[in-house]
Amino acid sequence: MAETTLDRTADKNLTWNFTVNLIDIAFITLGISLVSRDTVLPVLVSTLTDSNLAIGLIAALYGLGIYLPQLFTANFTERLRYKKPFVMLVGSVGERLPYLLMGVAVWFFAVPAPQMALVLVLGCLAMSGLSAGAATPAWYDMIAKVIPVSRRGLWSGLGHGLGALMAIFGAFLVGRILDGYPYPANFTLLFVLAFGAVCLSFIGLALNREPPSEAVKAHVSTRSYFRQLPLLLRTRTNYRRFFISRTTVILGAMATSFFIIYGSQRFGLDGAAIGLMTATLVASQALMSLVWGVIGDRVGHKVVLTSAAFALSLAALNTLLAPTQGWLVLSFVLLGMYSSGDAVSGLNIILEFAAPEDRPTYIGLTNTLLAPTIVLAPILGGWIATVAGFPVLLVTAATIAATGALLLAFWVDEPRQK
C-alpha cells in the first residue's frame with residue numbers, strides 16, 4: 001500500500017514530473033545516438049586500430065560501467081529520503097562531461113597518436129557508464145516515486161520515442177558530418193553535439209519535484225547487506241528464473257557492435273550509408289518505444305522483453321544472410337526493436353519484483369550481477385569474429401538470443417500478475 005499512497009502524494013506534480021522526465025530521457029537518447037555505440041563508435045575505433053577486440057570493448061566497458069557499481073550504491077541510496085541530489089551530483093561531471101572529453105581526445109590525438117586516442121575514448125566511455133550506473137538505483141527509485149506504475153511504460157516509451165525521433169534528424173546529420181568534414185574534425189563535432197544534447201537532458205533531471213520516500217531503511221553495514229543477497233536469489237524463484245533468462249539474452253547481444261563492421265566489409269558502406277543505418281536504428285527505436293510502452297503498461301513487461309529478444313536473434317540472422325546493402329537496413333530495424341524494448345522494460349520489470357523500500361536493491365542486484373555477462377559478451381564476440389569469422393559469430397549470437405527469448409516466454413511468470 002505504500003506505493004499507492006506515494007502515488008497519491010505525488011499526483012499533484014504528476015504532469016510536471018512526467019514532462020520534465022520526458023525532456024531528460026529524450027535529450028539523453030538524442031545525445032547518445034549522435035555517437036551511437038552500434039554505428040558511430042565502432043567506425044571511429046576501426047580508424048584507430050584494426051583490432052576486433054577493441055571494437056568489442058566499446059560495449060564491454062560501457063556495460064561494465066553501467067551495471068557493476070549499482071549494487072554498491074543501492075545500499076546507500078535506500079537510506080536517502082531524497083534521491084535527486086545524489087543523481088544530479090553523479091550524473092553531471094561523471095556521466096555527461098566525458099562526451100566533451102572524447103571529442104577533445106579525438107581532435108588532438110586521432111592522427112598523431114591513434115593508440116592514445118583509443119585509450120582516452122574508451123576510458124571516457126567507461127567513466128560515463130560508471131557514473132550513470134552508480135546513479136541508476138537512486139534515479140529509478142525517484143522515477144518510481146514521481147511516476148506511478150500505470151504510467152511508467154508510457155513515460156519510458158514516449159521519452160525514448162521522442163529522443164529517437166529527434167535522433168532521426170541527428171542520424172542524417174551524422175552522415176553529412178562524416179562525409180562533409182575531414183577526419184578527425186567530423187568525429188570531434190559529433191561528440192560536441194552529443195555533449196550539448198546530454199546537457200539539455202540534465203535540465204529536465206534538475207526540474208523534478210521529488211516527494212520524500214515514505215519507507216527509508218535503517219543503516220546496514222556493507223558486509224551485512226551483501227550477506228542478505230544470496231538468500232534473495234534462493235528464495236525468489238521467479239526472480240531467479242528471470243535473471244537467468246535475461247543473462248542469456250544479453251549474451252546473445254554479443255554481435256551487435258559488429259553488424260556495421262561486417263556490413264562495411266561486405267558492402268563498402270560510406271558515411272551516408274552509416275548515417276542511413278543510424279537513422280534506421282533510431283527510427284525503429286522511436287516507433288517501437290511507443291509500442292513497447294503501451295504493451296508494457298497493459299500486458300506486462302515480460303512480453304516486451306521476450307519479443308525484443310526474438311527480434312535480436314532475427315537481426316543477427318538477417319545480417320548474415322543479407323544479399324544487398326538494402327537488406328542490411330532490416331538488421332537495424334530489428335536491432336532498434338530489441339534495444340527499445342530493453343530500454344522500456346529492462347528496469348521497469350525489476351520494479352515489479354520488489355517492495356518499494358527494496359527497489360534500489362533489486363535494481364542494483366540485477367544489474368551488478370549482469371555486469372560480467374555484459375562485459376564478456378562483446379569481448380567474446382570479438383574473439384569469435386577473429387578466430388572463426390563473422391558468420392560463426394552471427395549464428396552463435398542468434399541461437400543464444402533465441403534461447404533466452406524462449407526461457408522468458410515459457411519459464412518466467414509475469415511478475416505483475418504474481
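**Close-up views of helix packing and aromatic contacts**

**View 1. Helix 5 packs against helix 18.** Helix 5 (residues 70-77) and helix 18 (residues 359-387) meet at an angle of about 170°, and their axes lie 7 Å apart. This is a predicted model. Angles over 145 degrees count as roughly antiparallel, so helix 5 and helix 18 are roughly antiparallel to each other. Helix 5 contributes Gln70, Leu71, Phe72, Ala74 and Thr77 to the contact. Helix 18 contributes Pro360, Thr361, Ile363, Gly364, Leu365, Asn367 and Thr368. By type, the contact residues are six nonpolar, six polar and no charged.

**View 2. Tyr239 and Tyr362 form an aromatic pair.** The structure holds 10 aromatic pairs. In the pair of Tyr239 and Tyr362, the ring centres are 5.2 Å apart and the planes stand at 70°, an edge-to-face arrangement. Tyr239 belongs to helix 12 (residues 237-251) and Tyr362 to helix 18. The pair links distant parts of the chain, 123 residues apart. Both Tyr239 and Tyr362 are buried.

**View 3. Phe242 pairs with Phe353.** The two ring centres lie 5.2 Å apart, with the planes at 35°, so the pair is tilted. Phe242 sits in helix 12. Phe353 sits in the loop between helix 17 (348-351) and helix 18. Phe242 is buried, as is Phe353. Tyr239, Phe242, Phe353 and Tyr362 form one aromatic cluster.

**View 4. Helix 13 packs against helix 16.** Helix 13 (residues 259-267) and helix 16 (residues 325-345) pack at an angle of about 175°, and their axes are 11 Å apart. Helix 13 is therefore roughly antiparallel to helix 16. On the helix 13 side, the contact uses Phe259, Ile260, Gly263 and Phe267. Helix 16 meets them with Gln325, Leu328, Phe332 and Leu335. The residues of this contact divide into six nonpolar, two polar and no charged.

How values were computed:
Residues are numbered from 1 along each chain as its sequence is written. This is a predicted model: local features need pLDDT of at least 70, side-chain atom pairs count only at pLDDT 80 or more; totals for chains, interfaces and linings use all residues. Side-chain values use heavy atoms; hydrogens and water are left out. Axes are lines fitted to C-alpha atoms, for helices over the stretch in contact, and angles run from 0 to 180 degrees between N-to-C directions. Helices (H or I, at least four residues) and strands (E, at least two) are DSSP runs, numbered from the N terminus. Angles under 35 degrees count as roughly parallel, over 145 as roughly antiparallel, 65 to 115 as roughly perpendicular and the rest as oblique. Contact means heavy atoms within 4.5 Å. Ala, Val, Leu, Ile, Met, Phe, Trp, Tyr, Cys and Pro count as nonpolar, Asp, Glu, Lys and Arg as charged, and the others, Gly among them, as polar. Rings of Phe, Tyr and Trp (its six-membered ring) pair if their centres lie within 6.5 Å; planes under 30 degrees apart count as stacked, over 60 as edge-to-face and the rest as tilted. Buried means under 20% relative accessible area, exposed over 50%, partly exposed in between (1.4 Å probe, protein chains only).
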